[in-house]
Amino acid sequence: MTTLCYAKKTCSVGIHVLMEELGLPYDLKIVDFSKKEQKTPEYLKLNPKGKVAALVRDDGSVITEYAAIAMYLALENPEKNLMPTDTEGMIRTLEAMDFVIGTVHMLSWRMYRRPDAYSDIPEAIEQLKERGKDAMLAALDVVDQQLEGKEWMMGDTFTIADTALYYNEYWAADVAGWDLPPNVKAHYERMKQRPSVKANRELEGAD
C-alpha cells in the first residue's frame, strides 16, 4: 500500500489533502520533527534529503518533492481531474504551483520560520523574520490578483495548485496569525469546506 511520510505544519499538509481527495487507501507515517526523526538512519535510508513529504509506492520506490508527488498523484488518477490534460492548462497549473512553492514557501516562509538557518546573530534573525513576513505577504498579493474572479487557481476547476496554496494559507493564517489578502482568504475559506481539508485539519488539530 502507498505510504505518505508526513510531519505536522510542513508542506506535507498539502500532499495529505491530495491523498484524501483521491479517496484511495494509504498508510500515514508520522515523522516527528521535534524528535528529529527525519534525521534518523531509518528515515534517511528512505529519503536521504531528510525532508517530507515522501511518498513510498507499492513497489518500495520513493517520490520526493511536492511538485513531483502532486504531479504523480494527478497523472496516475486522471479521473479525479486534479490537473488539466491540455498543454496550456498543464503549463499554467505548474506555473501557479511553482510560484507558490518556490516563492511563497521557500523564499519567504522559510526566512520567517527558520531565520536561524541564515544567521545566528539575534539582530539579524529578527530582521530576517520581518523580511520573510513582508516577502510572503507580497507574494500572496500576487496570488490574490491571480485569483480575482476565480473560485480556484485555475478557474472553476480544483487542481493540485490549490493544495499547494492551501498549506501556505494555513501557515500564514493559522500558524503565524496574519491577515490574508481578500481573494486568498476567500480561497482559504472554500478550501476549509472540502472534506479532504477537514480531514487534514483534524490531523493537524486546527480549528
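First, a term: helices here are DSSP runs of H or I with at least four residues, strands are DSSP runs of E with at least two, and both are numbered from the N terminus. Now the ground rules. This is a predicted model, where local features need pLDDT of at least 70, side-chain atom pairs count only at pLDDT 80 or more, and totals for chains, interfaces and linings use all residues. Residues are numbered from 1 along each chain as its sequence is written, and side-chain values use heavy atoms, with hydrogens and water left out.

Zoom in on Ser196. Its relative accessibility is 3%, so Ser196 counts as buried. Leaving out residues up to four places away in sequence, Ser196 touches Val17, Glu20 and Glu21. The side chains of Ser196 and Glu21 are joined by a polar contact of 2.6 Å. A polar contact is a pair of N or O atoms within 3.5 Å; within protein, one must be able to donate a hydrogen and the other to accept it, and residues adjacent in sequence count only if both atoms are side-chain atoms.

Next, helix α3. Tyr66, Ile69, Ala70, Leu73 and Ala74 are its buried residues. Down the axis of α3, they too fall within an arc of 130°, so they line one face of the helix. Their cover includes α1, β3 (54–56), β4 (62–64), α4 and α6.

On to helix α4, residues 87–113, and to Thr93 within it. Is Thr93 buried or exposed? Buried, because its relative accessible area is 0%. A polar atom of the Thr93 side chain lies 2.8 Å from the backbone oxygen of Gly89. Setting aside neighbours within four places in sequence, Thr93 is in contact with Pro84, Met154, Thr159, Ile160 and Ala161.

Now the pockets. We work on a 1 Å grid over the protein atoms alone; a pocket is an open set of points where a 1.4 Å probe fits, with protein on both sides within 12 Å along at least five of seven lines, and lining residues have an atom within 4 Å of a point. Grid points are joined across faces, edges and corners, and a volume is the space filled by probe spheres set on the points.

The largest pocket has a volume of about 800 Å³. It is lined by 27 residues, and Thr10, Phe33, Lys51, His105 and Arg110 are the closest to its centre. Which helix gives the most to this lining? That is α4, with 7 residues. By class, the lining has 12 nonpolar, 6 polar and 9 charged residues. Ala, Val, Leu, Ile, Met, Phe, Trp, Tyr, Cys and Pro count as nonpolar, Asp, Glu, Lys and Arg as charged, and the others, Gly among them, as polar.

The second largest pocket has a volume of about 190 Å³. Of its 13 lining residues, Thr2, Leu24, Tyr72, Leu73 and Asn77 are the closest to the centre. The largest share, 3 residues, comes from α3. This lining divides into 8 nonpolar, 2 polar and 3 charged.

Last, some backbone details. Most residues other than glycine have a negative phi, and most peptide bonds are trans. The peptide bond from Val52 to Ala53 is cis, with omega near 0°. Ala53 sits in the loop between α2 (41–46) and β3. Lys36 is not a glycine, yet its phi is positive, near 55°. Lys36 lies in the loop between β2 (27–30) and α2. Its relative accessibility is 56%, so Lys36 counts as exposed. Asn81, also not a glycine, has a positive phi of about 55°. Find Asn81 in the loop between α3 and α4.

Technical notes
Buried < 20%, exposed > 50% of the residue type's maximum accessible area, 1.4 Å probe, protein only. Contact = heavy atoms within 4.5 Å. Arc of directions from axis to C-beta.
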